Structure formats: structure tokens, C-alpha cells
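Have a look at the model first, then read on.

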Amino acid sequence: MFEERINILKKQKDWAWSYNKLKGSMAECIVEQMLRDAGHQVYRFGYEMVLQHLKEVKLKDNYVKQLISSMPDFIIVNENGYPDFIEVKYRKDGKLNKDKRKIEILGEGWGKSRILVVSNKEPYFQISRVENFLKTGKLYPLEKDIFIKVNKEIIKRYSDIVKKYFEGK
């Protein structure tokens, strides 16, 4: 009976991990397409996309491994040709409180990158430079970002997609 309970818990844990991974991937896809629609060039960059073959290699834990595993999700290039890194996170409540250590790790190697949070509540898209977030704990609405310009109509359209897929509305 104890072993059955352990197996049930393992399955639930696997399901929770898969479910959360799916939500994160959906958020990344939504952000990627929104930024393209806004006229930005968007390139997938993160660990999962660029270094898939390293998943099977048992890397020793050091600074390089930490840097590789915390690579931001995208490189984007704005209309003026300036590149930037973006890490996308989905959080139902729009808060990153539980992710403090992960963001600190991101900040150690990629502090100049931006973190863009997709959430189930307004504003549906919030952003900050990682280093600024670590200092202030604040995110601000995407439409206020100076570098990543996305007009309100596009944000509204993609907010409706977030509502549909994450809230079922």
C-alpha cells in the first residue's frame, strides 16, 4: 500500500511538472508571436533550444554550467537594430516572489537581460531588467517599456489570447 501511494505521488509530481512546463511554453509562444507582430526580430535562445545535446551530458556544477542553464529564452532585435535578451515566465498571479533564487542566478550571468512575466491578471504582460527587478522587486506594464515597443492594440489582442488559454475565457 505504501508503494502504491508513492507511485501515485510520483505520477502527480510528473503531471504537475508537465502541466507547468506546458504553461511556460505557451507563454513563450504567445510572447514570441506578439513581439514579431510588433515588428521585432525574435530568436529562440534558451538552454532548451540552443544546447539540447547538453541535456544528456552530466556536467559538473560550476559557473559555466550555471550560466548555460540560466540562458534567457530569446534574443530580440528592435526596429533600430539593438539586440536584447528576454526571459519569459508565466505566473498566474503575476508575481515572482517564489522565484527569487532562480532570478538571482539569472542576474549573475544575464543581469542586463529583461524578464517578461505573463499572468492571468492585468497587466497581462509585465517587464523589467533582471538587475532592476532584483534591486526593486518591481515589474511594470509592457507598454511602458522604452526598448521593447509594443503598441496597446497588439498587447490587447495578446491579452485576449492569454485570457482564453490560461483562464478559459
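Which helices each supply at least two residues of the lining of the largest cavity? That would be H3 and H4. Keep in mind that this is a predicted model. Rolling a probe the size of a water molecule over the atoms is what shows where empty space is left.

**The cavity**
- The count comes to one cavity of 30 Å³ or more, and the largest cavity has a volume of about 30 Å³.

**The largest pocket**
- This pocket holds about 1100 Å³ of space.
- It has 29 lining residues, and Glu87, Lys89, Arg91, Asp99 and Lys102 are the closest to its centre.
- At least two lining residues come from each of helix H1 (2-37), helix H2 (47-50), helix H3 (63-69), strand S3 (83-90) and helix H4 (100-110).
- H1 gives the largest share, with seven residues.

- The lining includes Lys152, Ile155, Lys156, Ser159, Asp160 and Lys163, along with Glu122, Pro123, Tyr124, Phe125 and Glu143.
- By class, you get six charged residues, four nonpolar and one polar.

Technical notes
Residues numbered from 1 in each chain as written. Predicted model: local features only at pLDDT ≥ 70, side-chain atom pairs only at ≥ 80, totals over all residues. Heavy atoms only, no water. 1 Å grid on protein atoms, 1.4 Å probe; cavity = no way out; pocket = protein on both sides within 12 Å on 5 of 7 lines; lining within 4 Å. Points joined across faces, edges and corners; volume = space filled by probe spheres on them. Helix = DSSP H or I, 4+ residues; strand = E, 2+ residues; numbered from the N terminus. Nonpolar A, V, L, I, M, F, W, Y, C, P; charged D, E, K, R; others polar.
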